[in-house]
Amino acid sequence: MQNRRNFIKGLGLGVTPAFLPKVGVWSEKEKYPAYNYTQPRTLSEAVSREDQIILRIEFTSKHIFEKKIAPKIQIENGNIFRSKNYFFEPGDVEYFEETGESNLALSENDTDILVLWLDDFSENTTIKIREMSKAFSFQLGDIITGLEVKGVLDNCAVKANFLLDKEIGEINPADVGILDKGKDFTFLIMADPQGGDTSNPKDNRCRMKIHNAFIEESIKLSNRLKVEPSFCLMLGDIVDHQGEARDFAQMKKFFDELEVPVLYEMGNHESRYQTAFEPGYNLSGFNNYFAAQKEINGMEKLLYSFNLGEWHFIIWPDPLRRKFWENHPHYFDWLENDLEKYKDRPTLFFQHVPMQPIGINPLVNYTESAYVKSLLFSILAKHGNVKNIYSGHVHIPVKSSFKTALEIEGINCINLPAAGYRPRSFGEQDYYGGPAQGLCVVDVKGAQVKTTYKTVTTEEFTYPEKLPAFDTEKFPLWLSNKWNLPAEKQFVNGKFIKDLEGWGRRYIYEEDVRPSNICKTTILDDGSTALYLKTEKRGFAKPGQDRLPQGLNRAFQAVKLNSGKPPSLNFEYQLDGENCDFSGFNGLYVWLEGFSGSLKHVNLFYCANKAWVNIGNTYGGGKGSKPQFFALNNSVDVWHKVQIDIKKDYERSRNNQLFDTLNLDRLVLSAGIWNVNTGRTQPFAAYLRGFDLQYNTNSGSKINDQEIAIFPEKDKWWRGKNMPSGNVAGEHHYFIEGREDLKY
């Protein structure tokens, strides 16, 4: 405790009596330190540490169809030192510094980012962007006046602003109280404390009280360790709710009891959900975080690194806010340069959101995009010096943490249980009956690290040095998008004779006993083969712990399309009567998506029993077409022959849009199954086989020679329709009236 007090005193932060008690009630009269991340008022205030101006140029199209433009950039009274492009997609060509030219293929809501570093500049420096006969120009002084400048080039919106770097950089560990103990030392990680002040009735007081109790226990555990750790990193979600000052103040009261220096990392609860990063370079939504960080250790950083012993440490922000990365692309550039500088040092990378798949539905869309994950891995794996990535966010049980620890691109990815938050339900019991909350202890011995998780009840688990390798070919959509899937002119292994060769899958967490999801090939009584899909509610029910619907159990494949020829799909399916609960909220789906580049024009679902409409919206990927739903036959234990006329089904509800104008280049087929994952078991299962692509059939969509009907509205399901949902103790929960069999 004395070390901690000396550290605070040394920083001269002036800790007031209001922060000394461990637990208290927030008063509006208490003055939380104000912080304001300001934008530049002069050009000199926009200059980076490298004495450069970093200019971000954004190209955005609102055109429904793909629009190709070839902007050429010229500079007067200045010099472009270097450039990089971000969020470019198939059809985009990189910016060429020699000619100033680029070729962009933009579609609706598609944003391409170009970043220019200027080493010669003034307020009179002029940037001209030309496209055919159109031109848009501005001076750097215009950005100072208006924070950003906007223009239009051939139905493409263009915007430019400065990128700043005062919240980025390398720090000296001694400046935040971290002592140099040589090559051997220990440090701590607390993921997801997620606590705060419980006096505000509008907050999730009940769950925060539970979190707070475990935060105190985790702190006690830290202070009881036989070794003296060098520091403790709070790995995001320091507070619950949306980054309120009252909660940061309460968390500081807790952390003041830690006998080690404290570091912060940005998670998704440190700011308002609707935080905006425009106009200009707007980080005002993080003011409470910056203020809290400055109070705890004197820093004002989102992205930072430091050296300790033989190791390099990088703390990466993960706010999970809309357009954060589009507005901060220079973070990736800084990361590249930082890793290049320390490529001879073994490195540890810390981020709130996991880089490896976790295998439950919420952790598909509630992570970074495939583009961001892929870009990060390409940067982190370049020199081979990044050894471990530590993450939180999931509130994962201890057993599930070990089962999902994977090696990707040569890097160990470990997702840690929470220090305060209760664990989600992963369908099976943990290693033992006690709480999963606790802390991670990392012991560094020279160039070696040992990672151990300790629970507040003193159970101890050490992660293996060698983790299972993640199969990116088997699970391609974790680091790639559907429009980038490999594609042949016909379905590969459409009859499943060669097991699942040619078919991709979504990574699904599998329970040790009675897995709730099955995706495998099987030999039928007649000697033929088929894909067998089965799903049911996960076992070991834990009410309220994010028991959200599960729809990841699917096999998918992309095929190239012949230009100008309307495609049709043939396949067969049989519902497994023994395992189909038609009174439940579940079903089979065959999902067809037609792409032109990255833009999704066709979005067709063919469903048995119920249709979960959010499979296509929340987890669909791609920009464009809303889903259309059609009905499959619900008769069980018989084979149904299906012929889908993609053109006619697309045009059935697209009155003013002809299929032939779409210029599709590929079709992605997903055969999947889903269940609501609550109440009784509610299983559903089916066999599928014989996927075959044909052209010019023009005979309409049929099942067993009967026309396929539009899916009935009454059988469409979404969270909150048939069973209203809300929060109980701050956790997701269904409120089900009149269905005793479905209640918890």
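**Residues and helix packing**

Modeller: Keeping in mind that this is a predicted model, we can start with T451, which sits in strand β23, residues 448–455.

Biologist: Is T451 buried or exposed?

Modeller: T451 is buried, because its relative accessible area is 4%, and the cut-off for buried is under 20%.

Biologist: And which side chain does the T451 side chain make a polar contact with?

Modeller: That partner is Y390, whose side chain is 2.7 Å away in a polar contact with the side chain of T451.

Biologist: Which residues does T451 touch, leaving out those up to four places away in sequence?

Modeller: With those left out, T451 touches N388 and Y390, then I414, then C440, V441 and V442, and finally F461, T462 and Y463.

Biologist: Switching to N361, where is that found?

Modeller: N361 belongs to the loop between β18 (347–351) and α8 (362–365), and despite that loop position N361 counts as buried because its relative accessible area is 0%. A polar atom of the N361 side chain lies 2.7 Å from the backbone nitrogen of G551.

Biologist: What about I69, and how far is it from C156?

Modeller: I69 lies in strand β2, residues 67–69, and it counts as buried because its relative accessibility is 3%. Between I69 and C156 there are 87 residues of separation in sequence, while their C-alpha atoms are 8.4 Å apart in space.

Biologist: Stepping back, what share of the contacts in the chain join residues at least 24 apart?

Modeller: Taking contacts between residues at least 6 apart in sequence, 77% join residues at least 24 apart. The protein chain has 744 residues, of which 60% are buried, and its secondary structure comes to 12 helices and 43 strands.

Biologist: At what angle does α7 pack with α9?

Modeller: Helix α7, residues 330–341, packs with α9 at an angle of about 20 degrees, and the axes are 10 Å apart. Since angles under 35 degrees count as roughly parallel, the two helices, α7 and α9, are therefore roughly parallel to each other. The crossing in which α7 passes α9 is right-handed.

Biologist: Which residues make that contact?

Modeller: From α7 the contact takes F332, L335, E336 and L339, and from α9 it takes V372, L375, L376, I379 and L380. By class, this contact of α7 with α9 has 8 nonpolar residues, no polar ones and 1 charged.

Biologist: And how do α3 and α4 cross?

Modeller: Helix α3 (residues 205–224) and helix α4 (residues 245–255) have axes that come within 10 Å and cross at roughly 25 degrees, which means that α3 is roughly parallel to α4. The crossing of α3 and α4 is right-handed. On the α3 side the contact is made by M208, N212, I215, E216 and I219, and on the α4 side by D247, M251, F254 and F255.

Biologist: How do the residues of that contact divide by class?

Modeller: The contact of α3 with α4 divides into 6 nonpolar, 1 polar and 2 charged residues.

Technical notes: Residues are numbered from 1 along each chain as its sequence is written. This is a predicted model: local features need pLDDT of at least 70, side-chain atom pairs count only at pLDDT 80 or more; totals for chains, interfaces and linings use all residues. Side-chain values use heavy atoms; hydrogens and water are left out. Axes are lines fitted to C-alpha atoms, for helices over the stretch in contact, and angles run from 0 to 180 degrees between N-to-C directions. Helices (H or I, at least four residues) and strands (E, at least two) are DSSP runs, numbered from the N terminus. Angles under 35 degrees count as roughly parallel, over 145 as roughly antiparallel, 65 to 115 as roughly perpendicular and the rest as oblique. A crossing is left-handed if the near helix is turned anticlockwise from the far one by less than a right angle, and right-handed if clockwise. Contact means heavy atoms within 4.5 Å. Ala, Val, Leu, Ile, Met, Phe, Trp, Tyr, Cys and Pro count as nonpolar, Asp, Glu, Lys and Arg as charged, and the others, Gly among them, as polar. Buried means under 20% relative accessible area, exposed over 50%, partly exposed in between (1.4 Å probe, protein chains only). A polar contact is a pair of N or O atoms within 3.5 Å; within protein, one must be able to donate a hydrogen and the other to accept it, and residues adjacent in sequence count only if both atoms are side-chain atoms.
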